[in-house]
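Good morning, colleagues. Please take a moment to look at the sequence and the structure, which I shall now put on the screen.

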Amino acid sequence: MRNIWLIARHEFLLVMRTRGFWISVLVAPMIGAIASLVPQWIESAQGARYYILIDQTGRYGASIEAERERGYQRELLEALSDYARRYVGRGGAFMELDFLKPIADIKDEDVAAFQARGLEAVIKILAPDLKEGAPAFQAPERRFIRIDAPPGIDPGGDPRVIGSALSPHLMGNQAVSGPAGSRPSLYALIIIPKGFVPGVAALGNSIQIWSTSVAETGLSSELRRIMRTLAQREAYLAQGIDPALVAKVQTLAIGYDSYNPASSGDAARSLTDQLIQFVPMMLSIVLWIITFIVGGILLTNTIEERSNKLIEVLLSSVTAEELMIGKLLGVGATGFLILAFWIGAGLAALFAFNGEAAMFGRELLKLLFSSYLIFAFLLYFLASYLIVTAVYLTIGSIANTIQDSQGYLVPVSVVMMMPVIMAFIIQSDPNGTVARVMSWVPFFTPFVMMLRLPANPPAFEVAGTGIVLFLFVVGLLFLVGRIFRANLLRSGQPPAWRELLRHVLPRS
Amino acid sequence: MSDRCVLDLSCVTKTYGDFTAVRDLSFSVNAGGITGFLGPNGAGKTTTLRMILGMIAPSSGEIRVLGAPNALKVRGRIGYLPEERGLYRKMTAAQSIAYLAQLKGMNGASAKKSALNLLERFGLKGFAHARIEALSKGMAQKVQILAAIAHGPELIILDEPFSGLDPVNQQVLEDLIREMANEGRTLIFSTHVMQHAERLCDRLILIAAGEKRFDGTLGEARHLLPRRVRIAGRGDLSLFSKIPGVVSVTPDSDDGHDHGAIVITLAEGADPQALLRAAFEGNVALERFEVREPSLHEVFVALAGDAAREAVVR
């Protein structure tokens with residue numbers, strides 16, 4: 001037992017001294033952070049983008065702008081609510097400004113109330129209750145700003161002519177300027193042609209959106225939503241319906257409560273309920289990445305020990321079994337360290353960023369430590385770690401060099417990739433045939449069952465796959481122990497498959 | 001097995017498939033002294049040492065080390081230096097020695113202290129906290145040797161300990177081996193460099209092709225081959241062939257003189273003085289008369305040469 005502890009501690013410290021380990025540990029969350037933050041940075045670095053709206057009918061332009069302004073005011077209110085929750089003490093200001101509430105609870109009438117007060121007035125009210133050292137409120141930047149068509153463009157002319165005339169601006173050959181300064185190109189040109197009639201799709205009479213940003217969806221989807229509302233209002237009014245009634249109907253607040261029969265069955269779906277769908281996916285990806293990082297470390301260390309003949313010194317002091325178990329435990333501990341580090345870093349980032357994210361972080365913590373998920377995760381993590389590392393340890397004990405090991409790693413990696421490739425199918429139909437069949441394959445059980453757990457798979461499947469997994473891990477470790485012992489002192493060519501099989505099969 | 005017996009091999013055989021690496025090997029080693037375990041490449045030395053250390057199990061036969069049926073049960077009393085050396089590149093010299101000593105049963109503090117003492121004693125104090133990857137090959141080898149003895153073992157097994165060391169470090173190691181033997185420890189080292197064995201060993205065990213060919217002292221080994229006398233001088237050198245006890249007379253091709261030079265091989269028990277008397281009586285003007293004991297190298301070649309040649313051909 002003492003030797004296992006010594007080897008485990010040694011392996012742990014050895015990994016801690018490896019620069020590559022720290023690079024893996026730090027780089028993965030950094031990639032995650034970059035992947036989520038870069039699009040936002042690019043977005044904000046670009047600043048507001050300009051578009052030109054030419055309404056040849058004269059009926060929609062002003063309304064579109066009013067709707068877009070309301071959207072912006074909502075964004076403003078959301079940012080201000082978040083700001084207030086972080087920097088304003090719970091005093092009179094909150095009582096007075098009852099429209100400052102969590103984002104999910106903000107309704108159209110709150111936006112209207114806020115708009116009626118005006119940003120400056122609200123900030124003035126908040127000022128006396130601001131906590132010490134609170135920064136000034138930064139209003140979110142407008143993403144799209146409407147500018148007028150440049151001189152020389154006839155707004156009433158043929159849309160195609162207008163489009164051609166503005167092409168140099170759209171393609172970035174000619175800069176445009178507006179309230180936020182000069183921009184190298186015009187983001188979009190929207191033309192509502194003279195003959196546009198809602199509900200009648202005739203060639204040449206549809207709304208035209210000119211833009212070089214093929215992937216652009218922000219502005220056009222907003223436009224589509226606004227136009228649908230406007231067209232509906234127009235249609236209602238044409239039927240002689242009271243404009244006040246139309247306005248009321250169109251701003252009807254629709255309450256949504258989601259229910260998940262797999263969770264409580266009778267309670268409205270909370271943020272925790274939503275997280276329970278997302279967290280297993282996240283955890284299983286983390287599980288997958290960590291087992292591969294750790295497996296790789298174990299593989300390299302074992303090959304190093306064999307190639308520089310250290311193994312012989314070790315085997316004069318400990319048994320092959322003690323060496324194997326010590327290695328699995330020591331390197332495994334580094335896996336748990338990575339896990340703790342990533343979860344810690346993720347939560348720290350969530351708490352550091354802003355109030356909404358902090359709430360998300362609290363919910364995440366609540367979920368992690370109040371549900372069975374964390375226990376299931378730790379057990380599946382352990383099983384998955386043992387399977388992957390047992391396979392890697394086998395490769396480490398038969399390959400003389402890293403190059404040798406590549407030949408064995410390719411088929412192993414293909415098998416291990418399977419659940420990741422299938423993750424989407426499994427999550428979209430957690431109790432479907434694919435998910436159920438894959439659950440019974442011990443190589444995949446930990447990943448697949450993690451994804452399935454929120455959908456409450458049948459108890460016999462959870463228990464059955466768990467038993468099969470446990471037996472598989474025990475059996476695998478036993479067989480790997482045999483291969484490990486038989487090959488540690490071998491030199492020269494890696495053994496052929498037939499020879500490996502002989503090591504695995506019981507001696508006659 | 002007597003109380004003084006630290007190692008006993010009885011009819012030990014190791015086979016790998018159809019190949020027999022060690023065949024029916026038996027010998028025992030008593031406490032104290034230095035035993036040379038000799039043999040050509042591929043003779044089965046390393047396999048035997050690995051079986052002694054419990055790393056691999058014999059196919060048949062029995063091994064008892066320090067009274068135990070498996071060396072791992074008494075690993076704290078055994079030190080081992082393998083033929084091919086290696087240490088963890090990222091660990092320091094002191095850490096490496098201390099870690100391996102701990103695996104031999106020492107507690108952390110004592111292992112660390114022992115490591116630092118040894119490094120100081122062998123001139124590596126300044127490198128105690130240097131990583132192995134920063135040390136020269138010779139230094140790293142020294143560290144590994146120190147790691148094999150840091151826990152104060154009673155039985156020390158060294159597999160080709162001199163390979164890769166420069167002459168200065170070979171001398172340092174020879175002195176260390178003698179010192180450990182003087183402290184009452186038992187040393188077994190394998191080598192195929194006969195000079196080291198000649199200088200160090202009280203006892204020799206020679207194996208070839210997996211079988212024991214000799215087990216005894218250096219003197220006994222030398223008696224296995226007939227003595228030779230090199231004679232150079234003027235006169236009738238053919239008279240020596242008629243003297244009783246002379247087995248053969250051959251020209252001495254190594255002699256640089258322009259007169260006659262011969263090598264006489266004597267039968268066991270024959271007296272070289274008879275040759276000297278015959279030279280005076282036959283009026284041979286002697287310029288050289290050298291009685292040569294057979295070297296261990298010659299004994300080795302005579303006993304294991306066939307197996308070594310077969311191994312090369314194989």
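Predicted model: local features only at pLDDT ≥ 70, side-chain atom pairs only at ≥ 80, totals over all residues.

Chain A brings 23 residues to the contact and chain B brings 28 residues. Which residues of chain A lose the most area to chain B? They are Arg17(A), Glu312(A) and Ser316(A), which together account for 23% of what that side buries.

Let me turn to the polar side of the interface. Three salt bridges are found across the interface of chain A and chain B. The side chains of Glu322(A) and Arg75(B) form a salt bridge, with an N to O distance of 3.8 Å. Between the two chains, nine residue pairs are in polar contact.

As to the elements involved, at least two residues each of the side of chain A that touches chain B come from helix 1 (2–16), helix 10 (271–307) and helix 11 (310–315) of chain A. Helix 1 gives the most, namely seven residues. By residue type, that side of chain A comprises nine nonpolar, eight charged and six polar residues.

Finally, chain A as a whole. Chain A contains 19 helices and six strands. It has 508 residues, of which 43% count as buried. Among the contacts in chain A with a separation of 6 or more, 72% link residues 24 or more positions apart. The accessible surface of chain A is about 25800 Å², and carbon and sulfur atoms hold 64% of it.

Notes. Residues numbered from 1 in each chain as written. Chains lettered and ligands numbered in written order. Heavy atoms only, no water. Contact = heavy atoms within 4.5 Å. Buried area = accessible area lost by both parts, 1.4 Å probe. Salt bridge = Lys/Arg side-chain N within 4 Å of Asp/Glu carboxyl O. Polar contact = N/O pair within 3.5 Å; in protein donor to acceptor, adjacent residues only side chain to side chain. Helix = DSSP H or I, 4+ residues; strand = E, 2+ residues; numbered from the N terminus. Nonpolar A, V, L, I, M, F, W, Y, C, P; charged D, E, K, R; others polar. Buried < 20%, exposed > 50% of the residue type's maximum accessible area, 1.4 Å probe, protein only. Areas by Shrake-Rupley, 256 points an atom, 1.4 Å probe, with all protein chains shown as cover.
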